[in-house]
Amino acid sequence: MRKTIHIAGGGLAGSEAAMRAVAHGLSVVLWEMKPKRFSPAHKNPDLGELVCSNSFRSRDPESAVGLLKLELGILGSVVMEAALETRVPAGKALAADRELFSRAITWKLSNHPDIEIRREEFAEWPEGDDPAVLATGPLSSDAVISLLGEFVPENLFFYDALAPIVTRDSLNAEKLFVADRYGEGEGEGDYLNAPMNDEEFDRFLKALLDADQLTPRPFEEVKYFEGCLPIEVMARRGPNTLAFGPMKPVGLVDPRTGKTPRAVVQLRRENKEGSTWNMVGFQTRLTIPSQSKVFRTVPGLENAEFVRFGAIHRNTYLNAPEVLDPFQRLKAYPRVFVGGQLSGVEGYVESAAQGLWAGENASRVAKNLPPVLPPPDTASGALLNHLRPREGRKVFEPSNVNFGLFPPLPGKVPKKDRGAARLEIAVRSLKTFLESVDYPARGSNPRRDPEPDRDSTDAPPR
Ligand SMILES: Cc1cc2nc3c(=O)[nH]c(=O)nc-3n(C[C@H](O)[C@H](O)[C@H](O)COP(=O)(O)OP(=O)(O)OC[C@H]3O[C@@H](n4cnc5c(N)ncnc54)[C@H](O)[C@@H]3O)c2cc1C
């Protein structure tokens with residue numbers, strides 16, 4: 001008898017997972033609670049809703065997110081297919097008409113003979129032992145939270161407080177010094193420190209206090225923990241809040257002046273290679289343009305290149321390194337694969353990619369095939385690798401795809417050629433990998449209607 005995979009959540013991740021399961025010849029029951037229930041951010045009854053921006057970010061395949069999109073194309077992603085079918089001009093980015101995009105996804109899934117869409121809240125584990133995929137996203141309903149709570153009571157988080165991450169190459173080493181507070185670290189020092197004198201600190205504070213902030217929508221209101229306040233909130237409490245908080249200089253002596261500076265910005269290594277660095281304690285709700293402007297007033301960061309901006313927002317996600325196995329299964333209940341943003345990735349493209357692999361592996365397990373992982377030098381593999389335990393990482397944070405997640409490039413490659421080198425390695429690696437595993441193509445939709453009705457949700461968008 002043909003096996004059925006239950007997939008909870010008809011967002012980007014759940015849609016990809018469903019298409020992988022039918023590519024494997026399995027039946028799918030896709031649970032989507034809309035339109036009976038909407039999360040506070042979802043509005044459109046269609047599947048694959050883009051809750052905020054309509055952009056899938058850069059199309060440049062020599063950027064990490066561009067490369068991930070290219071890989072998704074090779075892997076037969078339904079999200080990429082629909083985005084290309086419904087794209088709107090957006091310069092170097094890939095953007096879609098959000099209504100048409102979701103309608104295209106809905107049409108592709110709802111017209112597939114092997115996919116049953118149940119417009120119900122997923123509130124119980126399906127009977128039996130067959131694999132299931134949980135892809136209910138950053139605003140998963142309470143029913144899913146309580147299902148997960150049974151297995152991961154202390155490893156389910158409800159908001160992100162993300163500090164910006166910058167590339168090492170973009171920092172001015174002459175203005176920074178390496179040291180740990182009171183020399184407590186191992187070796188020469190684990191932190192890069194950007195020292196500020198009185199004048200520089202005042203200038204930074206002024207820029208911070210004048211900067212634009214995001215206006216939270218009601219569901220985005222976060223009750224901040226005192227230990228995790230946005231830096232602009234701390235700045236408003238007076239200069240000493242920052243100088244005694246995340247910018248405290250105690251225990252640090254600037255070797256150039258022999259003195260303790262007025263304040264410091266500390267940067268902590270994000271990856272083993274030291275190619276990306278985290279601005280410690282700099283979680284913020286400033287807008288992205290304001291972050292670029294304000295943080296570049298920090299001496300040494302004038303030309304900083306940000307691989308991630310700071311944020312604080314509602315986001316349900318798992319402490320993946322603790323609770324998921326390498327194939328995104330709950331260790332405590334291995335029939336359940338976790339897909340999309342809930343697993344600890346961040347962003348539309350990343351959620352789609354991660355959902356695709358959750359669906360691929362759930363399907364393989366249902367067919368008694370061994371699960372597989374894309375190689376770590378591909379964007380898909382690097383992203384999945386981020387969800388694994390990592391030596392020295394104290395706190396797991398969700399991440400967008402970025403080259404800092406990749407293994408180091410072999411040899412010394414000039415900065416301007418690194419994107420091209422990554423692209424070449426990743427495409428070769430992914431193709432070799434796909435030849436070595438049974439990865440069935442998605443195939444065309446057998447029920448494609450040659451003359452669709454454009455006004456109906458059941459119709460394709462063009
Ligand atoms: C407010 C907000 C704005 C964002 N903006 C952006 C952005 O601009 N760009 C970007 O790249 N990323 C953005 N993200 C991050 C993230 O990439 C997206 O949320 C992305 O849509 C996640 O994909 P997903 O498939 O994991 O979840 P979703 O796309 O959220 O899909 C989950 C689906 O599950 C359904 N669901 C939830 N609970 C249940 C249940 N119990 N039973 C059945 N169905 C259920 C939901 O209705 C939804 O359709 C944003 C996130 C949030 C919260």
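This is a predicted model: local features need pLDDT of at least 70, side-chain atom pairs count only at pLDDT 80 or more; totals for chains, interfaces and linings use all residues.
**View 1. The open sheet of six strands.** The strands follow the order β6-β2-β1-β7-β17-β16, and their pairing is mixed. Strand β6, residues 115–118, and strand β16 stand at the edges with a single partner strand each, so one side of each is left without a neighbour in the sheet. In general, the strands of a sheet pair through backbone hydrogen bonds, in either a parallel or an antiparallel sense.

**View 2. Strand β17 and the two strands with which it is paired here.** Strand β7, which spans residues 132–134, runs parallel to strand β17, residues 333–338, and three bridges join the two; within this pair, A132 stands opposite V336 of β17. Strand β16, made up of residues 329–330, pairs with β17 in the antiparallel sense over two bridges. R329 has F337 of β17 as its bridge partner, while L330 has Y333 of β17 as its bridge partner. Together, β16 and β17 form a hairpin, with two residues between the strands.

**View 3. The open sheet of three strands.** The strands stand in the order β3-β5-β4, and the pairing is antiparallel. At the edges are β3 and β4, the latter comprising residues 87–88, and each of these two strands pairs on one side only. Strand β3 is joined by two bridges to strand β5, residues 93–96, and the two run antiparallel; in this pair, the bridge partner of S55 is A95 in β5.

View 4. Most residues other than glycine have a negative phi, and most peptide bonds are trans. The bond that joins K34 and P35 is a cis peptide bond, with omega about 0°, and P35 is placed in the loop between β2, residues 27–31, and β3, residues 55–58. R57, which lies in strand β3, has a positive phi of about 70° although it is not a glycine. R57 is buried, because 23 other C-beta atoms lie within 10 Å, and the cut-off for a buried residue is 20 or more. Q328, also a residue other than glycine, has a positive phi near 70° and is placed in the loop between α10, residues 320–323, and β16. Q328 likewise counts as buried, with 27 C-beta neighbours inside 10 Å.

**View 5. The surroundings of the ligand.** The ligand is surrounded by 37 residues, of which the closest are G9, G11, C52, G137 and G340. The elements that give two or more residues to this shell are α1 (12–23), α5 (142–149) and α11 (348–366). Sorted by class, the shell around the ligand holds 16 nonpolar, 16 polar and five charged residues.

View 6. The domain assignment of the protein gives domain 1, with residues 4–161 + 314–436, and domain 2, with residues 165–309. The centres of domain 1 and domain 2, taken over C-alpha atoms, are separated by 32 Å. Eleven residues from domain 1 and 14 residues from domain 2 take part in the contact. On the side of domain 1 that touches domain 2, the residues divide into five nonpolar, four polar and two charged.

**View 7. The buried face of helix α9.** In helix α9, which spans residues 288–295, the residues S290, Q291, V294 and F295 are buried. Seen down the axis of α9, its buried residues fall within an arc of 110°, so they line one face of the helix. These buried residues of α9 pack against α6, residues 198–210, and β13, residues 276–279.

**View 8. V265 and its contacts.** V265 is found in strand β12, which spans residues 263–269, and counts as buried, with 25 C-beta neighbours inside 10 Å. When its neighbours within four places in sequence are left aside, V265 is in contact with A194, M247, M279 and V298. The C-alpha atoms of V265 and F204 are separated by 11 Å, and these two residues are 61 residues apart along the chain.

Terms used
Residues are numbered from 1 along each chain as its sequence is written. Two strands pair if DSSP finds at least two bridges between them. Helices (H or I, at least four residues) and strands (E, at least two) are DSSP runs, numbered from the N terminus. A residue is near a molecule or strand if its C-beta atom, placed from the backbone, lies within 6 Å of it. Ala, Val, Leu, Ile, Met, Phe, Trp, Tyr, Cys and Pro count as nonpolar, Asp, Glu, Lys and Arg as charged, and the others, Gly among them, as polar. Domain bounds come from an automatic or database domain assignment. Two residues are in contact if their C-beta atoms, placed from the backbone, lie within 7 Å. A residue is buried if 20 or more other C-beta atoms lie within 10 Å of its own, exposed if 12 or fewer, and partly exposed in between; C-beta atoms are placed from the backbone. The arc is that of the directions from the helix axis to the C-beta atoms.
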